[in-house]
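Please look at the sequence and the structure shown here, and keep both at hand while reading.

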Amino acid sequence: MGQITYVKSASQLICMDGEGGPRTGRGMSRLGIIASGSVVIEDGIIVFAGSDALAEQYLSRRQSEAEIVDARGKVVTPGLVDPHTHAIFAGSRENELELRLQGVKYIDILKRGGGILNTARSTREAAEEELVRQSRLRLDRFLLHGVTTIEAKSGYGLTVQDELKQLRAARALNELHPIDVVPTFMGAHAVPEEYRNNPEGYVDLVVNEMLPAVAEYGLAEYCDVFCEQGVFNTAQSRRILEAAGGLGFKLKLHADEIAEGFGGAELAAELGAVSAEHLLKASAEGVQALAKSGTVAVLLPGTALFLMERPAAARSMIEAGVPVALSTDCNPGSSPTVSMPFILSAACLTMRMTPAEVLTASTINAAYAIGRGEKIGSIEIGKQGDLVLFDADNYRQLPYYYGMNLVHTVIKKGRVVVKGGVLVDG
């Protein structure tokens, strides 16, 4: 018989079950709540989710074999999923906050050799073991905030060997840490200083050397490009993504963050990208294209807040039928946070998403944004046993108490990894 974890008597069990795909429109408000609910996980897989009474019947004489997790007075949700991070890096950029407060724009900091290029220098200098060490501490903090799966992009190496180093670090962390790490190659994150006067030469490097090397070693599942004014134009982005698709990578796109009408959302939809991300300046035509293609819009309200920019038009996207997900955009410059609970609050307060919508956007829709919707993101029989227990009476309190971490217990693949807000050893 397998290892059994019995999560018992939740005030509210938020199942997110029954839709069979990412939620859109009114579907984003359907949470599948069971009052006084229980979950049974066996060998890391959910085998029961339902009422307390039915759980007792289900376990019958086997209850003595189970590790019981008391969920009385708590809200239980699927493990939070963060579908857009740059969490594998070295160094820090706190000086840039003061520059922005003085009115210097993010893209101008990049043009001066700061921003992404600053982190690229630190990441190039760091040994692979040091990169793993620094990033592992970051993943610990994610876990304490209820995140059980993240996507992690490269893009701070900007050379063949340093991009491979970042992706190897991501693979090592996936093996070492309870959090599942989904790797994305993003060599087209910025044009490095050595190619400042030859951006097309750098695109050639990405297409002809980086992508084939990443594919050869099987280090990434996705390819992403920073499609933006002053970074990579739509023609360059198309060339990189089409080459990536030809090598078997699934596609993502940093789109329409800075310049109005740049066309990133339209390009993501045309190429069938799994997700388009940022979208602060997406056009109405771009939003309609995303709705038609089914591409998930990954919105990053913490980034807009930290850069003091207008947030993405989440309400327009939801009303248009775009599946919306949320993410921290954890990175050292424009969103240095690991707190998905804060992102839920920010999405409510700055984008007028409802508490139900932000929960959907950070669980099942976020799972589909990284191609994991059939495995995680909801509490359903056959899915991975990833759960979060929040110290809250009902789900509306989760974004309401902004800036607070209400995570009490985190369960990953049926194993308790955070208890009482503290990491569990082993």
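This is a predicted model: local features need pLDDT of at least 70, side-chain atom pairs count only at pLDDT 80 or more; totals for chains, interfaces and linings use all residues.

Residues are numbered from 1 along each chain as its sequence is written, and side-chain values use heavy atoms, with hydrogens and water left out.

Side chains of opposite charge can pair when their charged atoms come close. Counting as a salt bridge any side-chain nitrogen of Lys or Arg within 4 Å of a carboxyl oxygen of Asp or Glu, the model has 29 salt bridges. One of them joins Arg-121 to Glu-193, with the closest N and O atoms 3.0 Å apart. Arg-121 lies in helix α4 (residues 116–125) and Glu-193 in the loop between β8 (180–188) and α7 (199–217), so this pair ties together parts that are 72 residues apart in sequence; helices (H or I, at least four residues) and strands (E, at least two) are DSSP runs, numbered from the N terminus.

A second pair, Arg-315 and Glu-357, meets at 2.9 Å, N to O, and links distant parts of the chain, Arg-315 being in helix α12 (residues 314–320) and Glu-357 in helix α14, 42 residues apart. Arg-315 is partly exposed at 25% relative accessibility, whereas Glu-357 is buried at 4%, where buried means under 20% relative accessible area, exposed over 50%, and partly exposed in between (1.4 Å probe, protein chains only). The side chain of Glu-357 also reaches the backbone nitrogen of Thr-354 at 2.9 Å.

Lys-153 and Glu-151 form another salt bridge, at 2.7 Å from N to O; Lys-153 is buried with a relative accessible area of 1%, and Glu-151 is buried at 0%. Both residues belong to a network of salt bridges that also links Asp-224, Lys-252 and Glu-277.

How many disulfides does a search of the whole structure find? The search finds 0, a disulfide being a pair of cysteine sulfur atoms within 2.5 Å. The sulfur of Cys-227 is 12 Å from the closest cysteine sulfur, in Cys-223, which is too far for a bond. Cys-227 is buried, with a relative accessible area of 0%, and Cys-330 is buried at 3%.

Leu-97 sits in helix α2 (residues 95–101) and is partly exposed, with a relative accessible area of 32%.

How values were computed: A polar contact is a pair of N or O atoms within 3.5 Å; within protein, one must be able to donate a hydrogen and the other to accept it, and residues adjacent in sequence count only if both atoms are side-chain atoms.
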